[in-house]
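Please look over the sequence and the model below before reading on.

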Amino acid sequence: MKLLDIKNLRVYFEAEGGIVKANDGVSLELGESEILGLIGETGCGKSILGRVVMRLLSEKARVEGRLLYKGQDLLTLPENKMRLFRGKEIGIMLQNPAQALNPVLTVGEQLAEIYRFHEGLREREAKEKARAMFKRVGIKPDRLGEYPHQFSGGMQQRVMLAIGLALKPSLLIADEPTKGLDPSTKHQIVALLSALVREEHSSLLLITHDLEVAATICDRIAVMYAGEILEAGPAKKILSSPGHPYTRNLLHSLPKYGLNVAVGQSPSLISPPLGCRFHPRCGSCLKKCSKIHPDLLKTGPRTYVRCHVYGKSGKADEIMKGAPEEMSEKTKNTAEVGRCHF
Ligand SMILES: Nc1ncnc2c1ncn2[C@@H]1O[C@H](COP(=O)(O)OP(=O)(O)O)[C@@H](O)[C@H]1O
Ligand SMILES: [Mg+2]
């Protein structure tokens, strides 16, 4: 069963230069007890997607579409009900724990406060529960009286994880939980996150710009680009035979391939390229790619690709192998360098 079913979600902001289309027709589903990795370059709209699920956006954001959680549209839920949902049904580890944690409360107080508010526990019981939760994430009880700034980046993420899972939510959203961590700490956090989420039978929406992290623990992967989903499907399939040229570029930019050549820039979310938004950076670009916006096409069970290379049958046709005469000069140049990374 689908735990979360996002349908045609749009999140627009009015900015000085025009309307920022941070999420522009996003459709995405997440099953029960499933780990979904949402990957994409900085600025493509990942955090906005995570925040809108928790309804944590400013009132200025224009939000359209449907956000079905257990069949109920979160976008129409009254704020007082949403407040009870936050933490209890859906937990979140916000990007940048140093900013997300309250600097003037000890970590113990911050976690105990959650148990007091949501479960009506008294001081002592709440502290006891906080202590037990911190133990699960590998924080010793003698650190409960410390403030967030006294913790390292990795330990702050453990605090965020304790807070995110405190009320055993059905869904945890983790926004860049490994950003800025050294490789060994990164692996520890990813392993802990995955182990706890599996233990709780919760679902996880793992937002990351790091494909390696997503590859380690995800059941499914969705690739975001300029406010849109370009590809989604089982992690194994995406990692072994990606459908979209952009996903192929991401895979080739992994360190094991040793290719780290950046080609082009992420497009503006105010005036994204016409046609396929990736076409100016694509090595398999056709003439129509700069004119016609491709739909997200179903190419297999719970597998989707937004690329003109896929015909109505959902199968890639010969164009994917490259029809050089159809490529524009600009694209040919891109194809030669051929890789991007983020
Ligand atoms: N309040 C806002 N007003 C205008 N633009 C915003 C606002 N919040 C985010 N954005 C823009 O939305 C885009 C997507 O941001 P974000 O979701 O944080 O990207 P990501 O998490 O993928 O790096 C960015 O271009 C960002 O500048
Ligand atoms: Mg972000």
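Where is the place of Asn-96? Asn-96 lies in the loop between S6 and helix H3 (97–100), where helices (H or I, at least four residues) and strands (E, at least two) are DSSP runs, numbered from the N terminus. This is a predicted model, in which local features need pLDDT of at least 70 and side-chain atom pairs count only at pLDDT 80 or more, while totals for chains, interfaces and linings use all residues. Residues are numbered from 1 along each chain as its sequence is written, and chains are lettered from A and ligands numbered from 1 in the order in which they are written.

Asn-96 has a phi near 65°, a positive value in a residue other than glycine. Most residues other than glycine have a negative phi. With 15 other C-beta atoms within 10 Å, Asn-96 is partly exposed; a residue is called buried if 20 or more other C-beta atoms lie within 10 Å of its own, exposed if 12 or fewer, and partly exposed in between, with C-beta atoms placed from the backbone. A positive phi is also found at Ser-33, where the value is near 55°, and this residue sits in the loop between S2 and strand S3 (35–39). Ser-33 is partly exposed, since 14 other C-beta atoms lie within 10 Å.

The protein chain as a whole has 11 helices and 12 strands, and buried residues make up 39% of its 342 residues. Among contacts between residues at least 6 apart in sequence, 66% join residues at least 24 apart, a contact being a pair of residues whose C-beta atoms, placed from the backbone, lie within 7 Å.

Strand S6 (residues 90–93) is covered on both faces, with Ile-90 and Ile-92 buried on one side and Gly-91 and Met-93 buried on the other. In a regular strand the side chains alternate between the two faces of the sheet. S6 runs parallel to S7, to which it is joined by 4 bridges, and two strands are said to pair if DSSP finds at least two bridges between them. Within this pairing, Gly-91 stands opposite Leu-172 in S7.

Ile-173 is also found in strand S7 (residues 171–175), and it counts as buried because it has 26 C-beta neighbours inside 10 Å. Leaving aside neighbours within four places in sequence, Ile-173 is in contact with Gly-50, Val-53, Met-54, Ile-90, Ile-92, Leu-205 and Ile-207. Ile-173 and Arg-51 are 122 residues apart in sequence, yet their C-alpha atoms are 8.9 Å apart in space.

Arg-51 belongs to H1, where it is buried together with Lys-46, Ser-47, Ile-48, Leu-49, Gly-50, Val-52 and Val-53. Because 8 of the 8 residues of helix H1 (residues 46–53) are buried, this helix is largely enclosed by the rest of the structure. Just after H1, Arg-55 takes a positive phi of about 50°.

The next element to trace is a sheet. An open sheet of 4 strands has the order S2-S1-S4-S5, with antiparallel pairing. Its edge strands are strand S2 (18–31) and strand S5 (72–73), each of which pairs on one side only. Strand S4 (residues 62–69) is joined to S5 by 2 bridges, and Leu-68 stands opposite Asp-73 in S5. H1 packs on the sheet, touching strand S1 (2–15), S2 and S4, and its direction makes about 65° with that of S2; such angles run from 0 to 180 degrees between N-to-C directions, and axes are lines fitted to C-alpha atoms, for helices over the stretch in contact.

The last topic is the core. The largest nonpolar core has 85 residues, of which Leu-111, Ala-162 and Leu-206 touch the most other members; a nonpolar core is a set of buried Ala, Val, Leu, Ile, Met, Phe, Trp, Tyr and Cys residues joined through C-beta atoms within 7 Å. Helix H6 (residues 153–165) gives the most to this core, with 7 residues. Not counting residues up to four places away in sequence, Leu-111 touches Ala-130, Met-133, Phe-134, Ala-162, Ile-163 and Ala-166.

Definitions and conventions. Contact = placed C-beta atoms within 7 Å.
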